[in-house]
Amino acid sequence: MKKLLVKILSLSVVVTLFSCGGKEKKTETTTVEAAPTPALTIEKPQLTFGFIKLTDMAPLAIAKEKGFFEDEGLFVSVEAQSNWKNILDRVIDGQLDGSHMLAGQPIAAGAGFGRQAELVTPYSMDLNGNGITVSNDVWSKMKPNIPADDSGKPIHPISAESLKPVITEYKNEGKPFKMGMVFPVSTHNYEIRYWLAASGIHPGMYTKENIQGQVDAEVLLSVTPPPQMPATLESGTIYGYCVGEPWNQQAVFKGIGVPVTTNYDIWKNNPEKVFVMTKEFVEKYPNTAVAVTKALIRAGKWLDTEGNRQEAVEILSRPEYVGAPVEVLANSMTGTFEFEKGDKRSMPDFNVFYRYDATYPFYSDAVWFLTQMRRWGQIPESKPAEWYAEKAKEIYRPDIWLKAANMLVEEGKLTADEIPSTDGYKPATTDFIDGNKYDGKDPIGYINSFKIGNKDK
C-alpha cells in the first residue's frame with residue numbers, strides 16, 4: 001500500500017572547482033525542502049464505488065487506473081450498476097461507499113422527493129455531456145422547419161419549435177408523442193423539459209396522484225436506463241430521448257436516430273453528475289472522504305489536461321467501464337460531436353471535467369435543481385428563499401472539497417489559483433437556450449419567470 005507521507009526533498013549539489021594549479025577546492029551545498037503536508041489517517045481504506053455506463057463516470061475510472069486512489073492509501077473497487085434507482089438504494093443502504101450519481105439524486109433525497117436520506121456531494125464530476133436525440137422519422141419531419149446555412153446544414157442551436165408540428169401530426173394520427181429520460185430527478189429530465197417548455201410545449205406536471213409527471217403533458221416523458229436508450233428508440237417505444245454519452249452518438253453510429261441539440265446549448269456549462277456519499281459516511285470517516293475527493297480532483301485535472309483524452313477513451317471502452325466502441329466514445333470525448341450522420345462539429349466543451357471550476361460543488365447548482373423540482377411539482381408546496389439556500393448547504397459540501405484541494409496545493413499537485421474564490425454561488429447567468437436569467441440567490445424570482453410551471457409568492 002502506498003501511504004501519504006511527509007516528504008522532504010534534499011538536494012545536495014557539490015561543485016568542485018580547481019584552480020589552474022590544482023590547489024583550490026570549493027564546495028557549495030543547496031537544500032530544498034518541499035512544504036510538509038499532514039498525513040491523513042485513512043479510517044476505511046477498502047472502498048466500493050458504483051457507476052452507470054456513461055462517459056461522465058470517467059473521473060472514477062481514471063482515479064483508479066492512474067493510481068490516484070492508491071496514492072491516497074485507498075483500495076477501491078469500481079462496479080457498474082443496473083440503473084440510477086439501484087445506485088441510490090445501494091448508497092443509502094451502505095452496500096456502496098459512494099457513487100457516480102445524477103446531480104438531482106442527493107438533492108431530491110434531502111428535499112423529500114422519492115426515497116429520503118441524508119446524502120452529501122463533495123465533488124462535481126463534470127459539466128455538459130448530454131444530448132437530445134430523435135428517431136429518423138421525427139428528424140425527417142423536423143428538418144424542414146429548421147433554418148439551414150449556405151451549405152444546407154441545420155443552424156444550431158435547434159429549438160423545440162421545429163418539433164411542434166411533428167407532435168401535432170403524431171397526435172392527429174392517434175399516437176401520443178413519447179420521449180425518454182433517465183430518471184425523474186435527472187438533469188436529463190429537467191433539460192428536456194426546459195427545452196420543450198422554452199418553445200411552449202408542455203412536458204407535464206408531477207402531482208401526488210400522477211408521479212409520472214404527465215399531467216397536461218403534450219409530450220409523455222418516461223424513464224429508460226441510459227444503455228437501453230438506443231434499443232428503445234429503435235423499437236419505436238419512444239420517439240426521442242435525452243441521455244448522456246455515448247448513447248446519443250451510438251444512435252448516429254447505428255443509423256437509428258439524430259441528435260438535435262446538446263445540453264451545452266440548453267444551459268452552457270451546466271453541472272451534470274456528482275460523486276455522492278452518505279452524511280453518516282463522511283462523519284464517520286472524514287479523512288477517507290477527503291482522500292477520495294483528492295484523488296477525484298486529480299482525475300478531473302488529468303482528464304482536462306491536453307493530450308490525455310485519447311487514453312481516457314481507450315480506458316473507458318473497456319467492458320468493465322463503459323464498454324462502447326472507441327470510435328463512438330471518441331466522438332464527444334475528444335472535442336467533437338456528430339449530429340446528422342456526417343455532420344460532425346467541433347465542440348471542445350461538450351465534456352468538461354476540470355476547467356471552469358467544474359469539480360467544485362457550487363450551492364447555486366444545487367439551488368437550480370431545487371427550482372426545477374418545484375417548477376414541475378416534485379416539490380408540491382411553495383418554500384421560502386431561505387429554504388433553498390439551507391438545503392443546498394446541507395447537501396453540497398465545498399468544505400470537504402476545499403480541504404482536499406488545499407492539501408493538493410501543499411503537495412504541489414494543484415496551484416493556488418486553481419481554487420475558486422467564491423461564496424459558493426456562481427454569478428447570475430443568461431446562458432440558457434431561451435436567454436432567461438438565473439440567479440441562485442433568487443430562487444423564487446426564477447421559478448416565477450417561466451410561463452409554464454408552478455408559480456410561487
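A residue counts as buried when its relative accessible area is under 20%. Arg193 has 0% relative accessibility, so Arg193 counts as buried. With that cut-off in hand, here is a walk through this model, which is predicted.

Arg193 sits in helix α7. Leaving aside neighbours within four places in sequence, Arg193 is in contact with Pro203, Gly204, Tyr206, Gly213, Leu221 and Trp376.

Apart from residues within four places in sequence, Thr187 is in contact with Ala103, Asn130, Asn270, Pro271, Glu272 and Phe369.

Phe369, one of the contacts of Thr187, falls within the range of α15, residues 363-375. This helix has 13 residues and reaches 18 Å from its first C-alpha to its last, close to the 18 Å expected at 1.5 Å a residue. How many of the residues of α15 are buried? The count is 13 of 13, and α15 is mostly covered. After the helix comes Gly377, with a positive phi near 95°.

Helix α14 (residues 326-333) has six of its eight residues buried, so it is largely enclosed by the rest of the structure. The buried ones are Val328, Leu329, Ala330, Asn331, Ser332 and Met333. Their cover includes the helices α9, α12 and α13 (309-316), along with the strands β12 (336-338), β13 (344-346) and β14 (351-352). Just after α14, Gly335 takes a positive phi of about 95°.

In helix α16 (residues 385-395), the buried residues are Trp387, Tyr388, Lys391, Ala392 and Ile395. Down the axis of α16, these residues fall within an arc of 130°, so they line one face of the helix. The general rule behind such a pattern is that an α-helix has 3.6 residues a turn, so residues three or four places apart point the same way. The buried residues of α16 pack against α4 (104-111), β4 (119-124), α15 and α18 (443-448).

**Where α12 crosses α17**

Helix α12 (residues 286-303) and helix α17 (residues 398-410) have axes that come within 8 Å and cross at roughly 65°. The crossing is right-handed. From α12, the residues taking part are Asn287, Ala289, Val290, Thr293, Lys294, Ile297 and Arg298, and they meet Ile400, Trp401, Lys403, Ala404, Ala405, Met407 and Leu408 of α17. By kind, the residues of this contact divide into nine nonpolar, two polar and three charged.

**Backbone exceptions in the loops**

Most residues other than glycine have a negative phi, and most peptide bonds are trans.

| Site | Backbone feature | Location |
|---|---|---|
| His156 to Pro157 | cis, omega near 0° | Pro157 in the loop between α5 (136-142) and α6 (164-172) |
| Glu245 to Pro246 | cis, omega near 15° | Pro246 in the loop between β9 (240-244) and α9 (247-254) |
| Asn269 | positive phi of about 55° | loop between α10 (263-266) and β11 (273-278) |

Is Asp216 buried or exposed? Its relative accessible area is 57%, and Asp216 is exposed. Asn269, by contrast, counts as buried at 15% relative accessibility.

**Lys53 and its surroundings**

Pro246, whose peptide bond with Glu245 is cis, turns up again among the contacts of Lys53. Lys53 lies in the loop between β1 (46-51) and α1 (58-65). With a relative accessible area of 25%, Lys53 is partly exposed. Which residues does Lys53 touch, not counting residues up to four places away in sequence? They are Ala80, Pro246, Trp247, Pro319, Tyr321 and Val322. The C-alpha atoms of Lys53 and Gln81 are separated by 8.0 Å, and these two residues are 28 residues apart along the chain.

Conventions: Residues are numbered from 1 along each chain as its sequence is written. This is a predicted model: local features need pLDDT of at least 70, side-chain atom pairs count only at pLDDT 80 or more; totals for chains, interfaces and linings use all residues. Side-chain values use heavy atoms; hydrogens and water are left out. Helices (H or I, at least four residues) and strands (E, at least two) are DSSP runs, numbered from the N terminus. The expected span of a helix is 1.5 Å times one less than its number of residues. Buried means under 20% relative accessible area, exposed over 50%, partly exposed in between (1.4 Å probe, protein chains only). The arc is that of the directions from the helix axis to the C-beta atoms. Contact means heavy atoms within 4.5 Å. Axes are lines fitted to C-alpha atoms, for helices over the stretch in contact, and angles run from 0 to 180 degrees between N-to-C directions. A crossing is left-handed if the near helix is turned anticlockwise from the far one by less than a right angle, and right-handed if clockwise. Ala, Val, Leu, Ile, Met, Phe, Trp, Tyr, Cys and Pro count as nonpolar, Asp, Glu, Lys and Arg as charged, and the others, Gly among them, as polar.
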